[in-house]
Each structure stands twice: as C-alpha cells, then as structure tokens.
Amino acid sequence: MAFVTEEQIQQFHEDGFLVLEEFFTTEECDAMREQIQKIIAKMDVPPHCRTEFSTNEKEQLQAQGSADYFLTSGDKIRFFFEKGVFDEKGDFLVPKEKSINKIGHALHAYDPIFKQITHSSKVQELGRKLGFEKPVVVQSMYIFKQPRIGGEVRPHQDATFLYTEPLGRILGLWLALENATQENSCLWFIPGSHTNGITRRMVRTPPGTIPCTQFIGSERTYQDSQFIPVPIRKGGLILIHGEVVHKSELNSSEWSRHVYTFHLMEAKDTSWSKENWLQPTPELPFPPLYT
C-alpha cells in the first residue's frame with residue numbers, strides 16, 4: 001500500500017482531492033466485485049422499487065425524491081437503476097447486472113466484505129494521518145457506470161447532499177475497482193474549488209410531501225475548461241473533500257467503471273443537518289471508523 005506522505009496531505013488541502021494509486025490490492029478489488037455479483041444474483045426487485053436514477057435535477061426530484069425507497073435506504077442495501085432499463089411492464093430490457101446505476105447506502109454496515117474494506121487498517125491509518133479524531137461512516141455506494149448507458153453525473157459538491165455545520169467535515173473515499181480512464185468516464189475535478197463554501201443544498205421536505213426532497217439555492221456555473229480529468233488504475237483511491245467540485249461524463253465506452261465509494265464525517269464538534277436526506281436511524285447510528 002502507498003504510504004501517505006506529508007506532501008500528499010498538503011496537496012490534498014491545496015487541491016481538495018488526492019490520488020493514491022495502488023491503495024488496495026487486485027485481490028481486494030476482485031473480492032468486492034465478486035461480492036456485488038452475489039448481491040445482484042439474490043436481488044429481488046419489487047415493482048415499486050423500479051426507480052430510475054437520474055442526475056437531471058427535475059427527474060432526480062421526482063424519481064428519487066418522491067420514492068420513499070430512496071429516503072429510507074440509508075440503513076439498507078438497495079438498488080437504483082439506470083434510465084430505460086425496464087419496459088412499461090417493469091421487466092428488464094437488459095441483463096439485470098447491466099441495469100443497475102448503484103447499490104446503496106449501507107454496504108459498509110451490512111455486508112461483511114464491504115465492512116472489512118471500509119474499516120481496514122489502512123483506511124483507519126489514513127483517517128489518523130488526515131487528523132480525523134472521531135470519524136464515522138455516513139454512507140456507502142457501489143457505482144457501476146455501465147457500458148454505453150452509465151449516466152453523466154453533473155458538477156456537484158458532496159456537501160450539497162451531506163451537509164454539516166461547520167462545513168469541511170465530510171471526506172469521500174472513492175475506490176476504483178477497475179481502471180478509470182477518460183474513455184470509460186473517470187472523475188473530473190476543479191482543483192482548489194473546495195474553499196468557496198456551497199451554494200446549493202438538497203433537503204428533506206415536510207413528511208408526506210411529494211417530492212420528499214428539494215434543492216435550496218442553485219449550483220454555480222462552471223466552464224468545462226476549469227475541470228481536469230483524474231484517471232486512476234484499479235486499486236487506486238481518490239480522496240474527495242466534501243466541497244470540491246467534481247463530475248463525470250456519460251460512459252459511452254464498451255467498458256464498465258465499477259467503484260466502491262463511502263463518506264466519512266468528523267463527528268467531533270460537528271452537527272449533521274437534520275434536513276439531509278440521509279439520517280442515522282436507531283437500527284444504524286453512523287458507525288465509528290476506528291474499531
């Protein structure tokens with residue numbers, strides 16, 4: 001495993017993201033990929049769960065937001081689909097393992113393989129190096145970025161969705177389970193964009209309201225020229241500051257781009273917004289990273 005240096009930590013603070021190649025082994029990546037296939041094989045897709053996932057704001061609010069399925073997925077392992085993978089009867093138009101956009105949001109708590117990776121000694125060590133005193137795991141996702149249909153993710157800041165007071169308490173860890181290149185839709189970042197706060201928040205609407213989330217404020221306008229591509233090899237880890245602006249394009253290639261990603265919050269002297277879509281539950285309070 002790559003040892004994290006002081007220079008790298010300095011770089012992270014400057015850019016708002018950091019690439020750590022070869023953080024996980026090929027074997028660890030393959031174990032996660034095999035495990036997710038087992039989870040998909042057992043997947044039962046109840047008709048009401050056939051929620052198409054979209055980052056187009058309006059559709060996101062209708063499809064994800066209005067679905068109680070999404071709002072109550074924080075302490076479960078649930079399935080979110082790409083657009084156009086079901087016919088009007090709700091049957092698959094593509095093989096089911098090619099239909100999923102992501103699986104979330106509690107793999108880290110309920111699946112033994114993902115739990116082991118999330119709390120692995122190298123992740124704990126990294127947390128300590130970054131100065132986290134009481135980090136907790138707030139959510140996790142397995143993202144597929146399917147060949148040809150893996151949808152675009154528009155420029156955003158994670159703190160829009162995972163808001164804390166003060167800001168600066170959220171860290172994303174993004175683990176490439178396959179090589180991520182410009183061809184199969186690697187991440188793009190605006191270096192240094194994590195220092196201007198946020199201008200948009202996604203919040204819960206009053207209980208019983210449809211849609212059940214809404215955006216307050218609006219995203220700043222960014223130029224394509226501000227972004228730099230950040231390709232990474234299988235096993236590599238990208239650290240993502242909660243306020244750094246990032247995006248990914250539609251995957252128009254023949255290759256998927258599987259990723260396991262999870263978010264940490266520094267719980268010491270931090271308040272998690274009660275308005276966030278994601279809330280800890282009595283069944284699953286946010287688990288401490290350090291075991």
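**Briefing: cysteines and antiparallel sheets**

C29 is buried, with a relative accessible area of 0% (buried means under 20%, exposed over 50%, partly exposed in between, with a 1.4 Å probe and protein chains only). This is a predicted model, in which local features need pLDDT of at least 70 and side-chain atom pairs count only at pLDDT 80 or more, while totals for chains, interfaces and linings use all residues. Residues are numbered from 1 along each chain as its sequence is written, and side-chain values use heavy atoms, without hydrogens or water.

**Cysteines**
- The structure holds zero disulfides (a disulfide is a pair of cysteine sulfur atoms within 2.5 Å).
- C29 is in no disulfide, and the nearest cysteine sulfur, that of C186, is 17 Å away.
- C212 is also buried, with a relative accessible area of 8%.

**The four-stranded sheet**
- Four strands form an open, antiparallel sheet in the order β5-β13-β8-β11 (strands are DSSP runs of E, at least two residues, numbered from the N terminus; two strands pair if DSSP finds at least two bridges between them).
- β5 (153-156) and β11 (228-230) stand at the edges with a single partner strand each, so one side of each is left without a neighbour in the sheet.
- Strand β8 (residues 187-189) pairs with β11 over three bridges in the antiparallel sense; the bridge partner of F189 is I228 in β11.

**The seven-stranded sheet**
- Seven strands form an open sheet with antiparallel pairing, in the order β1-β12-β7-β14-β4-β3-β2.
- The edges are β1 (17-20) and β2 (77-81), each with a single partner strand.
- β2 and strand β3 (residues 100-105) run antiparallel and are joined by five bridges; F79 stands opposite I103 in β3.
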